[in-house]
Amino acid sequence: MAETALNDTRAPLGITELRAGNWRLALLVAVIVMTVSIIALPGEISFWVSLAAVLFVGLSIVINAWGNSPGPLLVAPALALLVVMNIFPLMWSFGLSFFKFRVNRLAPPKFTGLSNYEKILTDPTVWDRLQTTAIVVVLTVTTQMVVGFLLALLFEREFPLRRVLLMLVLTPMMLSFVAVGAFFRFYYEPTFGLLSQAVRVFTGEVFILQATPAGAMAGIVIADAWMWSPFVMLLVVAGLVSVPKYLYEAAEIDRASWWRKFRTITFPYIRSLLLLALLFRTIEAFKLFDIVFLITDGGPGTSTETIAVYVYRLGFQAFRTSQASALSYILLFVVIVLTNLYLYFARQRDAQV
Amino acid sequence: MSTIALHNLTKRFGTLTAVDDIDLEVSAGEVLCLLGPSGCGKTTTLRMVAGLETATAGDVVIGGERVNHLTAAQRNVAMAFQFYALYPSLTVADNLAYPLHAEPIAEAERDRRVAQVAEVLELTHVLRRLPGQLAEGEKQRVSVGRAIIRDPNCFLFDEPLSRLDVQLRETMRGQIKEVLSNLKKATVIVTHDQFEALTMADRIAVMRDGVIEQVASPHDIFAKPSNIFVASFIGTPQMNLIPATILEPTQGVSNFDIGSQHIAIALKHRLRPGDRITLGIRPRSFELVAQQGPETILADVDLIEPMGAETLFHLAMQDHELRVVVDRARRASVGERLAVRFRPEHTHIFDANQQLMQP
Amino acid sequence: MAWRKRREIGKAGWGWTGFAGIISFIYFFPVLWIILTAFKSNADVLSVPPKFLFTPTLENFVSVFRRSYIPGQAAVDTGFDLFFFNSIYIAGTSVALALVIGTLAAYGFSRYPLRGNDTYMFIILTTRMLPPIIVIIPIFLMFRLAGLSGTYTGIIALYTAFNLPFTIWMMKSFFDELAPDIEDAGRLDGSSERRVFFKICLPQVRAGLAATAVFGLILTWNEFLFALLLTGIDTRTIPVAMAQTIGGDIGVRWGLLAAIETLFLIPVIVVVFALQKHLLRGVTFGTIKR
């Protein structure tokens, strides 16, 4: 079954060959049509023309892939939906990023080449927000790795009621960002919030966590780390329980110390999972939006405004649509690189286990 | 002195009794094999000696000292595991050196001992490799090497050869035996393979259902199995066990009713007419005869299995089957009726309680 | 030392339960406090110092779904009955659609690999990994042009696409684990490919389907940004409504908010307990199995 698709020996179609399955030609035509339509036609019409062009390419790819195998038929609906709802909007906004366009103005898009990218990359605000994001990523991911690892050492053991207690620890991860944001906003509330009241017992003064940039940052990091440390724990526990028990027995016979056992037996088994947890959480922390939006709204000032929040402001509050698109593409690139790394290591580990 | 002694050792897992009140002694320089079918408690016994399981009752004595309360590390025993338990992230050299890190010795000395052990076990060319890159036989030698690199109180081997193919197993049996004979330590080897036990052991302890059925030298365990279980467990093809009833003796010759026919054999055992016993005869103790007589059994050839130098005949004798090994030169065809005879001195007699009767 | 002990005995005792219990309690405390807050009267919620002992009341839960009147103030229409319905309807429909489309695709990717199968799978995962803020701009424009903003159709279509990558990766990982011998045996017995899929493969991944559906429901139910920008007043979902409740800084009704969150928590806790076995796979979108 599977071989028919893999051992497809049909010669690839030449790009100029006029056939329904020649998706390279279709893609070339579509790109030209899209570019022309965006330049020449009003926004609304050019949008529909572009969508049609993309669907044309998709159809061509499916026809091309059609062999004796039902594979393409099975995946076509899913791919079609993803193309329409994800890939096409991305491509369209990729096109937009080369134009001057504001969604709240009626003016048709004006081609400006790379000037949006130039603006974005030379904008000190962007670099400042990237810096903020980097701080959030480093702090929250480090905290999660440490806390998650310690939790894993605790929950790797078999003890009575383990499943019940594990449930308590795993719950935060499954909550909505909005719920977590609301919780922590409630706890950070200056007069009756739990944290403020607890601090007041010691200092006697009103404590407003979010009054200082460092405090606000801490507030975000604590909330996010609280929510996602169990994720790291889950991965580490998976690594810890995959260590064959006889290795520890052999080490016991060989009179190895606790540290030696950890270094030579345990760590090699969890190394790959730690790396995966690190990458996964980095990707997630990089796009941190909801918690920041709800707890500090980027404040005080713009001290906790992450890049995701900035794109939101740029796109939906300042309505610099095409600039926001350009910035999005820079972020997209980062995420693709990280995702690629993640998958590479995930596959590597899969092969080992 | 490197000795092991077990007194009334018992291990229960919940309601299951894995090891039931066993006594055993292994002297210095002696190799003892715990032999038995899977689930008989032999591995549990070994793990209690190692300190990986706690005994429910009874004592483990190593080198004259009661060690029940000591951890595996404190008992200073060396053990080779069934699945080798090589540390996957360490090279062969580091695996071999692993037990030495607990001892206060210089790095140079450590390297010297690794080199020495690698030399003995022919591992020198793979010292830099990781366990995952080794062949099965090399892994096995590393696991043995990790045990013998130390100077422990005793050696324990858990199914050391079970994962090797037949040819490699034969080579390794000899090699391990040679290495062990130089070490002069009490050694316990757990195995389910009788050849392994017969070739490597000084003494064999056959276990069944948590109980030791017999402890004896490889020769005695084959020649004088103390009960039907041991008799049928040791030796291939399996010993023939023929239920028989004793009849009145005639002129000092015992007569037996074996169901379909009567046979007469001169035996020194004290046998009472009417008793039900089991005759145990090894397949190689038979000879085919041309003439039918009072001491012969008549049976029809049912199946012929050539085994190389010899041939195994399955003979049908009414409701019973006889396994007879003959020289490969002896041919027969299925359905042919043969007369076989066995020598009285090679006959084992088991009483109604399945125990061996002494002559 | 404790480590060593466990390895010997294989099990830790009640001592560990106690220690883990304390840690778990601290970890769970923020959630617990919200649950407690949900049962407090308005005065108790705002009391200084915080009250650990109070007379529980259900008034917050009642007012989640009802028009409520606070003495001396104007009537407040929460509208949460509609928002709850929206959340359930939108999440339920889109997860069901994604499950059907995604399971077929996962089976295709697993059993009939296309040329560049890994690339397809990578692109699919990327659409899930990328910050929603990147896609939201073009989708927002597209919805405006297509007139889908604020409609059920629009948000359901978007959420279906949003759930697809997750569903495909999860279900592919389950299909990949099945022993192919059984399917081949089925084919040798003359089963059609359709029969092999429905009668042999699907029954074996029932647990996987359930896990995928439930994780999909939680992910969708929790989603905030798309809902914030693409739903209208009639199609608003719970997370958006909650955010708007705290958005206006003055007079946030914390008790009410806590009650909404508590209602939301209970199914989540049940799910976490029931799906512990598949949790690792679920939270890594099926990229890590064990």
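In the predicted model, the interface between chain A and chain C brings 90 residues of chain A into contact with 87 residues of chain C. By class, the side of chain A that touches chain C consists of 67 nonpolar, 14 polar and nine charged residues.

The largest nonpolar core comprises 192 residues, and A:Leu235 and C:Leu158 have the most contacts inside it. Helix 10 of chain A, spanning residues 213–241, gives the most to this core, with 18 residues. Neighbours within four places in sequence aside, A:Leu235 is in contact with A:Leu273, A:Leu276 and A:Ala277 in chain A, and with C:Leu280 and C:Ile288 in chain C. Another core, of 102 residues, lies apart from the largest one. Among the residues of this other core are B:Ala118, B:Val142, B:Phe233 and B:Ile242.

Chain A contains 15 helices and two strands. Of its 353 residues, 48% are buried. Among the contacts in chain A with a separation of 6 or more, 70% are between residues 24 or more positions apart. Chain A is divided into domain 1, residues 2–96, and domain 2, residues 119–352. The centres of these two domains, taken over C-alpha atoms, are separated by 38 Å.

Helix 4 of chain A also meets helix 15 (residues 321–352) of chain A; the two axes come within 8 Å and cross at roughly 115°. This crossing of helix 4 and helix 15 is left-handed. From helix 4, the residues in contact are A:Ser93, A:Phe94 and A:Leu96; from helix 15, they are A:Thr321, A:Ser322, A:Ser325, A:Ser328 and A:Tyr329. The contact between the two helices has three nonpolar, five polar and no charged residues.

Backbone geometry in chain A was also examined. A:Leu161 has a phi near 70°, a positive value in a residue other than glycine. A:Leu161 is placed in the loop between helix 6 (124–155) and helix 7 (162–174) of chain A. Because 14 other C-beta atoms lie within 10 Å, A:Leu161 is partly exposed.

Chain B has nine helices and 20 strands. The C-alpha trace of chain B spans about 80 × 45 × 35 Å along its principal axes. Of the 359 residues in this chain, 40% count as buried. Residues 24 or more positions apart make up 64% of the chain B contacts with a separation of 6 or more.

The domain assignment of chain B gives domain 1 at residues 4–233 and domain 2 at residues 240–350. Between the centres of these domains, taken over C-alpha atoms, there are 40 Å. Five residues from domain 1 of chain B and five residues from domain 2 of chain B take part in the contact. The domain 1 side of this contact has three nonpolar, two polar and no charged residues.

Two local backbone features were noted in chain B. B:Thr236 and B:Pro237 are joined by a cis peptide bond, with omega at about -15°. B:Pro237 is located in the loop between helix 9 (228–233) and strand 11 (240–250) of chain B. B:Glu159 has a positive phi, near 45°, and is a residue other than glycine. The loop that holds B:Glu159 runs between strand 7 (154–158) and helix 6 (166–181) of chain B. B:Glu159 counts as buried because 20 C-beta neighbours lie inside 10 Å, and 20 or more is the cut-off for a buried residue.

In chain C, the domain assignment gives domain 1 (12–57) and domain 2 (80–283). The centres of these domains, taken over C-alpha atoms, are 32 Å apart. Eight residues of domain 1 of chain C are in contact with seven residues of domain 2 of chain C. Helix 2 (14–38) and helix 3 (42–45) of chain C each supply at least two residues of the domain 1 side of this contact. The largest share of that side, five residues, belongs to helix 2 of chain C. By class, the domain 1 side has five nonpolar, two polar and one charged residues.

Key. Residues are numbered from 1 along each chain as its sequence is written. Chains are lettered from A and ligands numbered from 1 in the order in which they are written. This is a predicted model: local features need pLDDT of at least 70, side-chain atom pairs count only at pLDDT 80 or more; totals for chains, interfaces and linings use all residues. Two residues are in contact if their C-beta atoms, placed from the backbone, lie within 7 Å. Ala, Val, Leu, Ile, Met, Phe, Trp, Tyr, Cys and Pro count as nonpolar, Asp, Glu, Lys and Arg as charged, and the others, Gly among them, as polar. Domain bounds come from an automatic or database domain assignment. A nonpolar core is a set of buried Ala, Val, Leu, Ile, Met, Phe, Trp, Tyr and Cys residues joined through C-beta atoms within 7 Å. A residue is buried if 20 or more other C-beta atoms lie within 10 Å of its own, exposed if 12 or fewer, and partly exposed in between; C-beta atoms are placed from the backbone. Helices (H or I, at least four residues) and strands (E, at least two) are DSSP runs, numbered from the N terminus. Axes are lines fitted to C-alpha atoms, for helices over the stretch in contact, and angles run from 0 to 180 degrees between N-to-C directions. A crossing is left-handed if the near helix is turned anticlockwise from the far one by less than a right angle, and right-handed if clockwise.
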